[in-house]
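Open the model in your viewer and keep the selection tool at hand. The tour goes stop by stop.

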Amino acid sequence: MAERMVSNPRHAELQRLLAEAESRAQEVRQAYQRAVGAMRSGKVWTGPTADKWTAELEDRHQRLGRLAQRVVDAIEEELRRLPPLVTETEANAMRREMAGRT
């Protein structure tokens, strides 16, 4: 008789982590939007130094967004590698291993 299949606890944990990473990635993507918008308006600071600083700020904004997306992508990739269901024995072993890490 085949062993009963249950939810993979690692898969479930990665799904929770993915939701958190997506939420944080959204925050990161918005982190500099107001500052960039204010600088681009020309009402805050103008001139060559302001232009250079604005360009650097925009670069950081874009870089952080890309890095946050890489984290999300890595979690999604790992989720694709893990089966959503495992045997009950495997799930119990995973839970013990995960409990040992906390």
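Start with W45. Its relative accessibility is 39%, so W45 counts as partly exposed. Keep in mind that this is a predicted model.

The structure holds 1 aromatic pair. The rings of W45 and W53 form it: the centres lie 6.0 Å apart and the planes meet at 50°, so the pair is tilted. The tilted class sits between stacked, under 30 degrees, and edge-to-face, over 60.

Step along to T54. This residue belongs to helix α3, which spans residues 48–81. Is T54 buried or exposed? T54 has 2% relative accessibility, so it counts as buried; the cut-off for buried is under 20%. Show its contacts next. Setting aside residues up to four places away in sequence, T54 touches M39 and R40.

Stay on α3 and move to the core. Select L14, L18, A21, A25, A68, V72, I75, L79 and L82. These 9 residues make up the largest nonpolar core. Which helices each supply at least two residues of this core? They are α1 and α3.

Zoom in on I75, one of the core residues. With neighbours within four places in sequence left aside, I75 is in contact with L14, L17, L18 and A21.

Next, select N8. You will find N8 in the loop between β1 (5–7) and α1. N8 has 2% relative accessibility and therefore counts as buried. What does N8 touch, not counting residues up to four places away in sequence? The partners are L82, P83, P84, L85, V86 and M94.

Last stop: the helix pair. Select α1 (residues 9–31) and α4 (residues 88–101). Their axes are 9 Å apart, and the two helices pack at an angle of about 50°. That angle makes α1 oblique to α4. Now show the side chains at the contact. From α1, pick P9, R10 and E13. From α4, pick A91, M94, R95, E97, M98 and R101. Colour them by class: the contact has 4 nonpolar, no polar and 5 charged residues.

Conventions. Residues are numbered from 1 along each chain as its sequence is written. This is a predicted model: local features need pLDDT of at least 70, side-chain atom pairs count only at pLDDT 80 or more; totals for chains, interfaces and linings use all residues. Side-chain values use heavy atoms; hydrogens and water are left out. Axes are lines fitted to C-alpha atoms, for helices over the stretch in contact, and angles run from 0 to 180 degrees between N-to-C directions. Helices (H or I, at least four residues) and strands (E, at least two) are DSSP runs, numbered from the N terminus. Angles under 35 degrees count as roughly parallel, over 145 as roughly antiparallel, 65 to 115 as roughly perpendicular and the rest as oblique. Contact means heavy atoms within 4.5 Å. Ala, Val, Leu, Ile, Met, Phe, Trp, Tyr, Cys and Pro count as nonpolar, Asp, Glu, Lys and Arg as charged, and the others, Gly among them, as polar. Rings of Phe, Tyr and Trp (its six-membered ring) pair if their centres lie within 6.5 Å; planes under 30 degrees apart count as stacked, over 60 as edge-to-face and the rest as tilted. Buried means under 20% relative accessible area, exposed over 50%, partly exposed in between (1.4 Å probe, protein chains only). A nonpolar core is a set of buried Ala, Val, Leu, Ile, Met, Phe, Trp, Tyr and Cys residues joined through side-chain atoms within 4.5 Å.
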